[in-house]
Amino acid sequence: MATPLSPQSGSPLSALKTIAVVGLGTMGTGITEVLAKAGREVIGIDISETQTARTVAALEAATARAVERGRLTEQERAGVLARVRTSTDLRAAADADLVIEVAPESYEVKHQIFRELDGIVRPETILATGTNALSVTRLAADSARPERVLGLHFFNPAQAMKLVEVVSSVLTAPQAVAAVTDLAIELGKEPVAVGDRPGFVADGLLFGYLNQAAAMYEARYASREDIDAAMRLGCGLPMGPLALLDLIGVDTARTVLDAMYAESRDRLHAPAPILKQLSEAGLTGRKAGRGFYTYEAPGSAAVVPDALTPAADGARVAGRPVRSVGVAGSGTMASGIAEVFAKAGYDVVLAARSDEKAQTAKARIGKSLARSVDKGRLTAEAAAQTLERITPAGSYEAFADVDLAVEAVAEDLEVKRQLFQALDKVCKPGAVLATTTSSLPVVACARATSRPQDVIGMHFFNPAPAMKLVEVVRTVLTADDVHATVREVCAKVRKHAVDCGDRAGFIVNALLFPYLNNAVKMVQEHYATLDDIDAAMKLGGGYPMGPFELLDVVGLDVSLAIEKVLHREFRDPGLAPAPLLEHLVAAGCLGRKTGRGFREYARR
């Protein structure tokens, strides 16, 4: 079980003064810099003289930049550089208090290093592996000092990422854990103690998600650009999953997933075949200059166009003219979408089941616009003009002349079918009919009409005025000019449209909710606490919210419903909702809206 760590009163803070780092790739170099800046004597060891020279050059460049930015003085820089020495001989680690191994993810390589270290270092020296995929217990058991072996998993880039997972095996001595925990805190990191299983907490959740994204791309469900944009804009992630796979290394991801699958036998962890294909072709990501994307040069972050780069929009067919928009619904999403269209200059009919509901929805938009004025994002005149463009109506008959009708009613297929039957009768020929469903089949809405070619999915994200993403969902019946119309409208309302097919979850929910479900399973199995998992994903994965924070915001009932839809669609046992999620929903613990979900909240 993971537990947050704090300095131990029984371990001297200065115990680990001299530290050897074995393996000077990107991670080893980053760890070396972190240690030297924190005042430790560091011995960088690598079998390649070229690599040791690169580490020294990287450290010189990084500290020079720090001086330019006022973060280090010249004297401090000189001290940092003086504290680092490099070697190609493992015997240089003889005087180390701690050895951190960050060699390639191979049992054979790591076992060889640990065996040699057993005959070199002092009996009290701690041996730490930086693995994120291999068994720490297996490595410890092969050592002459298993009680002094543990995992110390930094995240890339080590200089910036705050999370450090401290991994104990059943053989690890508590004193060793305490000593490296204190060190991590002194380095300015936030250590979390975890048990020994592949992926630990952060990567255990992250790599399943990355694998699903690779499989989605391999199935040609969506382009690499659209998958990455969807997760950045729909979830607030710093990088899309395919770009992140290229950064991590496609070969590394495959190794981690192989280890996870060997333990879990969960198909969601079985590496997508494309990871094997790219790895074996040497297309391992940024470090090779090509992976899912093509880069300017090996090691470069600059993406360059290639044969898979989408053509410019000029190649698309022309869309239908749209001057007026109808929005069906009276909830938060309907109000938000109406606001988006009105701000962009469209005349909007906001229709609900009664005049009162429609007026209430328009009043909600007025309050939203007033907040924008108060924050200086909108002038009072622009807010007034926006509100004037919105006409509330208590009947869908008011949609007779709209060019685009967007439904934003309850996420219930029968309710939506009935609404589309009504829209089919009242909307003029050639009007585009769009559903904002996040999980239901768009084609079922289309088949409720006599014009399925005019029906498309247009999935906005909540809150619609702020969120930039719209998933544009074509069915097998959707006309090309209808698709073009919605793409053009998205551009006019300043939203980023991504294309996807009509299957459960589209892009974002199909990738997001299995990740959330796996987090619930981790708690259910008592592997880690809510707080540790949330901290790990925010600090180690760059997520704006931890999975349990997000589940409580979305609503556990909504989350469970989406999980069930995904499980029904894909029939994968790994997508079955976690029993703990089902139990909480059955108990009425639905998240913030009820005052209790995974956590408790003060009632308003």
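**Helix packing and strand order in a predicted model**

Q: Which term describes how α21 and α22 are set to each other?
A: In this predicted model, the axes of α21 (residues 556-570) and α22 (residues 579-586) cross at roughly 135° and come within 9 Å. Axes are lines fitted to C-alpha atoms, for helices over the stretch in contact, and angles run from 0 to 180 degrees between N-to-C directions; helices (H or I, at least four residues) and strands (E, at least two) are DSSP runs numbered from the N terminus. Angles under 35 degrees count as roughly parallel, over 145 as roughly antiparallel, 65 to 115 as roughly perpendicular, and the rest as oblique. The two helices α21 and α22 are therefore oblique.

Q: At what pLDDT do side-chain atom pairs count?
A: Residues are numbered from 1 along each chain as its sequence is written, and side-chain values use heavy atoms, with hydrogens and water left out. This is a predicted model, in which totals for chains, interfaces and linings use all residues, local features need pLDDT of at least 70, and side-chain atom pairs count only at pLDDT 80 or more.

Q: Which helices do the buried residues of α20 pack against?
A: Buried means under 20% relative accessible area, exposed over 50%, and partly exposed in between (1.4 Å probe, protein chains only). In α20 (residues 547-554), the buried residues are P547, F548, L550, L551 and D552. These residues pack against α18 (508-524), α19 (530-541) and α21.

Q: Which strands stand at the edges of the eight-stranded open sheet?
A: The sheet has mixed pairing and the order β14-β13-β12-β15-β16-β17-β18-β19; two strands pair if DSSP finds at least two bridges between them. Neighbouring strands of this sheet are turned by 25° against each other on average, direction ignored.

Q: At what angle to β12 does α12 run?
A: Strand β12 (residues 324-328) pairs with β13 (residues 347-351) in the parallel sense over five bridges, and V327 has L350 in β13 as its bridge partner. Helix α12 (residues 332-343) lies across β12, β13, β14, β15 (404-407) and β17 (455-460). Relative to β12, α12 runs at about 170°.

Q: Which residue of β19 stands opposite V473?
A: Five of the six residues of β18 (residues 469-474) are buried, so this strand is largely enclosed by the rest of the structure. On one pairing, β17 and β18 run antiparallel over four bridges, with G457 opposite V473. On another, six bridges join β18 to β19 in parallel, and the residue of β19 opposite V473 is C500.

Q: How far apart in space are the C-alpha atoms of A400 and P429?
A: A400 is found in the loop between β14 and β15 and, at 31% relative accessibility, counts as partly exposed. Leaving aside neighbours within four places in sequence, A400 is in contact with V426, C427 and K428. A400 and P429 are 29 residues apart in sequence, and their C-alpha distance is 9.7 Å.

Q: Which residue does a cis peptide bond join to P463?
A: P463 lies in the loop between β17 and β18. The omega of this cis bond is about 0°, and the residue joined to P463 is N462.

Q: Is F506 buried or exposed?
A: F506 is placed in the loop between β19 and α18 and has a positive phi of about 50° although it is not a glycine. R494, in the loop between α17 (480-492) and β19, has a positive phi near 65° and, at 67% relative accessibility, counts as exposed. At 0% relative accessibility, F506 counts as buried.

Methods:
Contact means heavy atoms within 4.5 Å.
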